[in-house]
Every structure is written in structure tokens, then in C-alpha cells.
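This report covers selected strands and backbone features of the structure shown below.

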Amino acid sequence: TSGAGIEGLGSVSTAGGAMRLAFSTVVSNYNLWAVALSEDGTQPGTPPVRLTQDATWNGHPTLTADGRTLIYASNRRGQFELWVRDLSTGRDVPLVSPPSPDNPLMRPVISMDGSKLAFSRAGTPGVTFVVDLNRAPDGTVHAGPLRELPSAAKEGSGWPWGWSPDGTQLWYDPARWPAIEPNHLYDLARGERIAELEHPPHDIFQVTFSPDRRWLAFWE
């Protein structure tokens, strides 16, 4: 067989003296959807709205607090890069591209006010970047110079997790599973790691501040 689909689940039959093979061909699409929520966090019954229509991979969405700016990873142009969409106008444009297809950009995390973006660039070693975002008069969002966060493991930097509510500090993981390293809180103004979060021998990830900065939520 040949083709762009995922072929499998084959079954052979010899009924009637003839040998036949039946199998499935599946096309896998990853797209983004939006669901309206009421102020208490429940869904008021409004149907979901599909945001991307590509037969490609679109994932890792991150939103500003005002719900206007959406940034996500997509390989619709043959390599994993970051795209930005203005949800008030529907305008969708590429934001940051990798140096090569071998260094995919993943896991974008935007600050609540939309002024800063962190993301991961895969490779050996991996790198976590922080970049300032600026909005032009026509509403287009542009990324400034990339700023690399310090690595604390031989694998390089892992994934960024969550910004502080004021956008001055960022939780990120310096290692990749199965390596287990403490998560670090990086202060942009001071240019250094100021706190760690770990629970050996467990792996803690997806570290996120509450809006009032009094709590941390995370996976273990």
C-alpha cells in the first residue's frame, strides 16, 4: 500500500475460495476549538467553534487574559512553528519560525497581558526562549529578539510552564522526561533563577500560578 494516510487493522478472508484483505486508512488531524464559558467557569450550552481547518497538526494553544490573542504551534508549512491569531478579527499569521525543520518550536506560553511569550525549541540540547511581543497599529503581533533561559541539565532546557500574573517571572523545566530535575522560577529583570519546585522521585510539570499569585497548580 501507499498513500498519506495511516493504514492498519488488516483482516484476511478466504471465503468463497478467494483471498481478500480488508484494512483501514485513517487521516489524523489535530485542530483547535474554542468553547465559551460563563464567569463561574461553566459552559452555558454554546456549541464549540472550530478555529483551525488544516489537515495538519495544530496544538499547544495559549491565550491572553482578555481572550483576544491566541498563539499555538502548527506544522502546516512543513515545520513546527508558532502562529498567532487575533480572535477579534480572525487574522492568522506565523509569528516565530525555527532555524530548520529539525528544531521544532513547541509549547508556547503567553503572559496574561500578552507582552511576553515563552516557548521551547527542540534539539540537542533543547532551548527555552523568552521574547517580548509588540502589537502594531494594524493589530499585527510581532516578536522581538529571542532571549535564551539558562540550562540546568545536560539535556538543555525543557518546556516553559506558566507566567506570574504580572509577567515578570516564569516557571520552566530544565530537563525532559525521563530525566527529573527541579522546576525553576526565572526572574526576567534579575536574569536568574530565584526558586525551585521538586518532589523526588516524582516528576512535577505544568506548574501554573493562580491569578492572585497565592497558589501553584501542577501535575505529578
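## Residues with positive phi

Arg107 lies in strand 9, residues 105-110. In this predicted model, Arg107 has a positive phi of about 50° although it is not a glycine. Arg107 is buried, because its relative accessible area of 13% falls under 20%.

Arg213 is another residue other than glycine with a positive phi, near 70°. Arg213 sits in the loop between strand 18 and strand 19 (216-219). With a relative accessible area of 37%, Arg213 is partly exposed.

Strand 7 spans residues 81-86, and six of its six residues are buried, so the strand is largely enclosed by the rest of the structure. In a regular strand, side chains alternate between the two faces of the sheet. Both faces of strand 7 are covered: Glu81, Trp83 and Arg85 are buried on one side, and Leu82, Val84 and Asp86 on the other.

Strand 7 runs antiparallel to strand 6 (residues 69-74), to which six bridges join it. Strand 7 is also antiparallel to strand 8 (residues 91-96), with five bridges between the two. Leu82 has a bridge partner in each neighbour: Ala73 in strand 6 and Val96 in strand 8.

## Hairpin turns

Six residues separate strand 6 and strand 7 in their hairpin, and Gly78 in the turn has a positive phi of about 95°. The hairpin of strand 7 and strand 8 has four residues between the strands, and Gly90 there takes a positive phi near 80°.

## Cis peptide bond

Pro200 and Pro201 are joined by a cis peptide bond, with omega about 0°. Pro201 is placed in the loop between strand 17 (192-197) and strand 18 (205-209).

Terms used
Residues are numbered from 1 along each chain as its sequence is written. Side-chain values use heavy atoms; hydrogens and water are left out. Buried means under 20% relative accessible area, exposed over 50%, partly exposed in between (1.4 Å probe, protein chains only). Two strands pair if DSSP finds at least two bridges between them.
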